[in-house]
Number of protein chains: 4
Amino acid sequence: MNKGLKVAVIGGGSSYTPELIEGFIIRAKELPVDDIYLVDIEEGKEKLSIVGELAKRMFFKAGLKTRVHMTLDRKEAIEDADFVITQIRVGGLEARARDERIPLRYNVIGQETTGPGGFAKAIRTIPVILDICRDIEELSPDAWLINFTNPAGIITEAVLRYTNVKTIGLCNVPIGMVNNVAKILNVDSKRVRIEFVGLNHMVYGKEIYLDGKNITSTVLKKLSDSALINMNNIPDLNWDKDFIYSLGMLPCPYHRYFYMTDEILEEEIKAFQSGEGTRAQQVMKIEKDLFEKYKNPSLDEKPKELEKRGGAYYSDAAVSLISAIYNDKEEIHTVNVRNNGAISNLPDDVVVEINSVISKTGAKPIAFGKLPIKINGLIQQVKSYELLTVKAGVTGDYYTALMALIANPLVPSVKIAKKILNDILVQNRDYLPQFK
Amino acid sequence: MNKGLKVAVIGGGSSYTPELIEGFIIRAKELPVDDIYLVDIEEGKEKLSIVGELAKRMFFKAGLKTRVHMTLDRKEAIEDADFVITQIRVGGLEARARDERIPLRYNVIGQETTGPGGFAKAIRTIPVILDICRDIEELSPDAWLINFTNPAGIITEAVLRYTNVKTIGLCNVPIGMVNNVAKILNVDSKRVRIEFVGLNHMVYGKEIYLDGKNITSTVLKKLSDSALINMNNIPDLNWDKDFIYSLGMLPCPYHRYFYMTDEILEEEIKAFQSGEGTRAQQVMKIEKDLFEKYKNPSLDEKPKELEKRGGAYYSDAAVSLISAIYNDKEEIHTVNVRNNGAISNLPDDVVVEINSVISKTGAKPIAFGKLPIKINGLIQQVKSYELLTVKAGVTGDYYTALMALIANPLVPSVKIAKKILNDILVQNRDYLPQFK
Amino acid sequence: MNKGLKVAVIGGGSSYTPELIEGFIIRAKELPVDDIYLVDIEEGKEKLSIVGELAKRMFFKAGLKTRVHMTLDRKEAIEDADFVITQIRVGGLEARARDERIPLRYNVIGQETTGPGGFAKAIRTIPVILDICRDIEELSPDAWLINFTNPAGIITEAVLRYTNVKTIGLCNVPIGMVNNVAKILNVDSKRVRIEFVGLNHMVYGKEIYLDGKNITSTVLKKLSDSALINMNNIPDLNWDKDFIYSLGMLPCPYHRYFYMTDEILEEEIKAFQSGEGTRAQQVMKIEKDLFEKYKNPSLDEKPKELEKRGGAYYSDAAVSLISAIYNDKEEIHTVNVRNNGAISNLPDDVVVEINSVISKTGAKPIAFGKLPIKINGLIQQVKSYELLTVKAGVTGDYYTALMALIANPLVPSVKIAKKILNDILVQNRDYLPQFK
Amino acid sequence: MNKGLKVAVIGGGSSYTPELIEGFIIRAKELPVDDIYLVDIEEGKEKLSIVGELAKRMFFKAGLKTRVHMTLDRKEAIEDADFVITQIRVGGLEARARDERIPLRYNVIGQETTGPGGFAKAIRTIPVILDICRDIEELSPDAWLINFTNPAGIITEAVLRYTNVKTIGLCNVPIGMVNNVAKILNVDSKRVRIEFVGLNHMVYGKEIYLDGKNITSTVLKKLSDSALINMNNIPDLNWDKDFIYSLGMLPCPYHRYFYMTDEILEEEIKAFQSGEGTRAQQVMKIEKDLFEKYKNPSLDEKPKELEKRGGAYYSDAAVSLISAIYNDKEEIHTVNVRNNGAISNLPDDVVVEINSVISKTGAKPIAFGKLPIKINGLIQQVKSYELLTVKAGVTGDYYTALMALIANPLVPSVKIAKKILNDILVQNRDYLPQFK
């Protein structure tokens, strides 16, 4: 690759795009990008234009010649691309709001990536992502698909099972955990390493190292003494001290939904009733403000406000991953990848989130051995849910969809699973062509 | 074995014993028993005497010379026994009542074998069963331990992991399911066969055969058209039609606790508030009536009322199992046994409930292959819970006990797990020497 | 099945057929056969006629109304059959003679089922057996295929991998070992049970029981004190005492080829040079004599001489297997069947030879757990060879065929593998349409 | 570790030591070594002194202050060491000569690391290495044991199974293969990467990359066109073209013993009869010359001649491994390490040779997935042999030793295995205290 790269960003009109652009600017020396294609759909045209113009100003300010293209023609963007990044949100924030509201109606956690909300998002997204993959198979079969789109584990599972596209699924949770541990310890995050193992939004930090020294118990002690490890989009609830001690490893912020279900649910209901709305409604406001800012023709850098979103660090994670591939770095990143025996009590062919060696040949997971019994049950349960969801998303089979929801640990019974499923199918009718 | 057998029944004063005696009487020709030792503890002395005398009258009426011994000396009973049967209830029905009440206080299902109630029963029982096993290792190392004591899967797991005793765990759920399918189809139960797979009280009928013909879908159709498959001790709630169709196999009655959690809980709370009491309280009444009957010196057979208990068919299952071993029958029974690869996505060394070939060498599971994804999650989750419970029951470690309860799918959160655990530990203090 | 059965015997003109007929006659009460179709190819027409007439006389003598049909039309025989038995020999005894001679030319064991000879037989047979399976799929999809054709493990593997036919592979080695142990112990063979595990012609008797009592060490002691366990077609060589003690289980007669390679080879070379010829040549003489006998119109039973063949007990094994299926017996037979986890360190989807429960639903292997290290290496090696052979037999790919031979433990080097392969391909050209 | 390191070299009087010293000198900046302890036994005293003095001169020339200690007191060397390197040869070159000669007597390949020679070396070495490990457990429990001693896979397996010492097994074969591929391609070896998988001296290059581009087929083509990939100690025989094409991956030089057994044997016999002697005898001459050179007080660098030995690159491999650990590099090295699921059809707990991530926490294998069938058989067979050898080496059980040799693919029969074993036991009596 002696000429510069072509990068296609599907969902280019996203409010996160400036982060991504900043990531490319920061790494411009090691990662020469000639062309960035921001693609969006008709409904996103205006946002695309706002974000695209900002991106241009950012590159200009940085003195880079990277060309920014805005287009509604996905094929044009994908053709001969070296990297395709997907950050789409099928149905937009309105759909997210519904994903959060439907479960709440039945006293079930409403969240956009785990629980029934994540299920709805998954089955809406799978047909679209598979369509994108058909384009890649046809127009740029050697391209790497870097998938941000949530639920990232399920989407990556679908792509690996049903297409030939080379893909890596990415999430900002692991990098966020590293940064938070560094903050707790008051050290530079480069000195911290965590042995991650699990699934997307269900990842555990099995061991934690500072300068190569195992400091897991120190961190857990601090954590149980109330140092929070959290993300902006999850209620701030402290972990129970005895739980942390029993677990003996670092849970991820999303684990709160599974281990603190009742408390989180209470918070959600409170927020909803107080008029604060679901997270989606809050985000709509933030987005609106952001785009107002983006429009300002004198803005030529990423505004600070963007970091308040749950997706912080994504850009860093994504562009550094792309650079590790492009530069054949053999660097360790935590990504969603085919298991291949790395977790030896999960099948070889399922997607896991795990520390992996990144090089030009992609991501190879580092062998972990067996999951400890303490976490094996939950991970197996959630993986079964994910596999059923992928199957439901691809086939549009009602009964598989029902079993998927039943298998989700946040769904309390068959009766409620059925009610939620029926609501999801009705309210997302336009986005679920596979369910006839 | 040219002379008759010696059988020791630990917990011999149980109200179920007359069933067992009947089982031995029915099979007297193929299974020559010289001596039955009914063992109980000091507190059960009176019941032991009542049941023992009834047993004597039953054998006498049948014209058999089997000697019935009543003793409080366990070692005497175990010495040189050919079979040791355990049907103990550590803490008696009072403990059971507590097991059922504690979770209900936190809006969690209170049941004596699944959920936190089963957990409490398990950690009370494990030290006692291991003590019994020490006696067997010393006094009759070749004896077979036939374990009825609930939670049978967990207890068998403990025995297999921590002793050298040859054991088979037995439950009446599979035989009950066969009988119920036969009833639904209005055929003799000998013509029905079910391919069972799973764990104790978590077993599925994967395929159902009538005279060797696969009739699974017929049975499921009838089932979803409201034919009930249930046991006397579980609320009568119909399965959801779409769920049965989605599952594509026969759930066991206990699955209601997992798939119909909310409805079962509602029933339990209603029953409790109506003054009907928990199941334990109802059983206490039934027991009282039964023992009144047993006392009648003219009674010389098993009274019909006994069949109303949840434990119906146990005697048949147990004595026919013993006969299959003694007569080296190579007959198929559904038992709790070391997996050995039979379910190929569970470890070799865990206990599963599965169709097995019974002969003088014990029980060998029939290979099943991988669990379908539909049921893999729940089974893995419950197996993890069981393994943690065994470890907690043996070590008395608080943190392991907490992780066990957290891993139980009926426990909704860490917070509630902790409250329930603390209540269990306090209220069972006298029975938990391992928890200091 | 209220009417009698239709059985198709592919390769019906075989000299073994009278054994099979005898088997059906002996079990006539439990296994009502209306029609037996003996099928053969043009070249076997005369033999077919001789054997068919003998079969008719045998049924007549037994007072049975079973109709014997002789036909060259395979489809007619297979249509609506309940059982299809394959006992074909593609290329006849001439091909077998070549299979035995080619390896010998390079100082490699020449044997018709193991080593390069078995490989040649396998790749000749696979296209024919798959053709037969296409017919079954079309004309009698519910029929059971009982495969005798050697190498039975490989052929069964091919059928299971590449067709939808319900099949069980059968070999007389396990039953022969049971009978021989009974002979050594001077007891009725019904009292002896062996826990078999391994592959076809590579099966070990892990434990041996007499009336349910483990007598493995007694038998091994006798064996190492020179009691032979062998078959008529394998040189009579005593096992080394220390080897038997080290192994701690019962090897099968064919294991001599692998553990006593040098001595067997020496015997073969001696026999060959002495003019005694290879085994095929000896068999040709025996066959000629047998058919002379069969022609005798006054002969109406199986002649004793047939028992001298290596295939003794096949009829008993085969018909009793068919009866176990038909009568839904849940009886234990040692057969070639999909592993399904039974041997937990082999993949689920490979064929193994193992004790299995036989019923109307076919053969289900009894879970064994992990292969002991002592035998794991050889079994894994041979299974790899078998899988490569199946692939080579189906695809006709030269390189896969070469890797198959290289993987065979009887082939000493790549150089010799290549020479042998080239000879096999040239000399079997007419039977290998898949190798272009 | 703010002060410099202490390194203990067991077998410090080896002729390879100057390479190791050179390795430390080259990396002095990143790897500050204060003290190197060269340990040897009484018989090696003179060599130790010669090598030690040379080492001192080498460090002096390099301007480094590293102190070189020569000692016969192993405990002194091990106490508080950061790294312990073992490069011992129990029984010296005389024992090696016997290892090579014994098998040859029976027409079996005589080689010091594979086949019966490697077996003899293993059982001589295991008791000594376990003794060393006891010292480490006591005197420097946090030290890393870097094991060079052959057969490195077996020795590492023994250490991991029977001690608590943190160990990594190292071999120069993978690095040699990388260098040779680079030579064939005429490129810098840093641009070449190979995905290695297998066992020690049984490792395959599954994929080969140049600058991240897969060039496996190019290299295989060149290889089959006669470019040799070999080591100094293995006869120079070309691979068969069709074999390379069939295999589709890069065999290691030692694979010749398994795939070209007859040709190698012929070469060995020829060499032996020609008076050239076994490899050990040739090495004795080379060693003698080397030590003459080392004695020269004006020599202060590693002599070129050392590179002619089979062990070339070891120093580079070893010191760069130590540096990767010390500097927590997360660099990829090919080492012998606990499998942990990396090869998903081998058990988690066996040692494999595989690309691994090296950091302060040691070596973590990169997940590979299942071994291709083509190589699975041989690898499983050799791993079974290795496990039996470890057990025999630890227990001194004759029967386990016999099964180990029988399981070795280079041993043609039980009969020969027994003869060779008996010779080995007699001729190594002084070094086999565990065999009584």
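Let's start at a strand pairing: Gly198(A) has Glu353(A) in E11(A) as its bridge partner. Helices and strands here are DSSP runs, of at least four residues (H or I) for a helix and at least two (E) for a strand, numbered from the N terminus. Strand E11 covers residues 351-359 of chain A, and 2 bridges join E7(A) to this strand, the two running antiparallel. Strands count as paired if DSSP finds at least two bridges between them.

Before going on, a word on what we are looking at. This is a predicted model, where local features need pLDDT of at least 70 and side-chain atom pairs count only at pLDDT 80 or more, while totals for chains, interfaces and linings use all residues. Residues are numbered from 1 along each chain as its sequence is written, and chains are lettered from A and ligands numbered from 1 in the order in which they are written.

Back to E7(A). On its E8(A) side there are 8 bridges, again antiparallel. One place to look is Val197(A), which stands opposite Tyr204(A) in E8(A). The two strands form a hairpin with 2 residues between them, and His201(A), in the turn, has a positive phi of about 60 degrees.

Is E7(A) enclosed or open? 8 of the 8 residues of E7(A) are buried, so the strand is largely enclosed by the rest of the structure. Buried means that 20 or more other C-beta atoms, placed from the backbone, lie within 10 Å of a residue's own; 12 or fewer makes it exposed, and in between it is partly exposed. In a regular strand, side chains alternate between the two faces of the sheet. In E7(A), Val192(A), Ile194(A), Phe196(A) and Gly198(A) point one way, while Arg193(A), Glu195(A), Val197(A) and Leu199(A) point the other.

Cys171(A) sits in the loop between strand E6 (166-169) and helix H7 (173-185) of chain A. This cysteine is buried, because 28 other C-beta atoms lie within 10 Å. Leaving out residues up to four places away in sequence, Cys171(A) touches Ala152(A), Asn200(A), Asn336(A) and Glu353(A), and that last one is the bridge partner we began with. A contact means that the C-beta atoms, placed from the backbone, lie within 7 Å.

His201(A) is buried too, with 24 C-beta neighbours inside 10 Å. Beyond four places in sequence, its contacts include Thr113(A), Pro151(A) and Tyr254(A).

Let's zoom out. Chain A has 16 helices and 12 strands, and buried residues make up 59% of its 436 residues. Of its contacts with a separation of 6 or more, 68% join residues 24 or more positions apart.

Finally, the neighbours. Chains A and C share no contact, and their closest C-alpha atoms lie 12 Å apart.

Note on methods: Contact = placed C-beta atoms within 7 Å.
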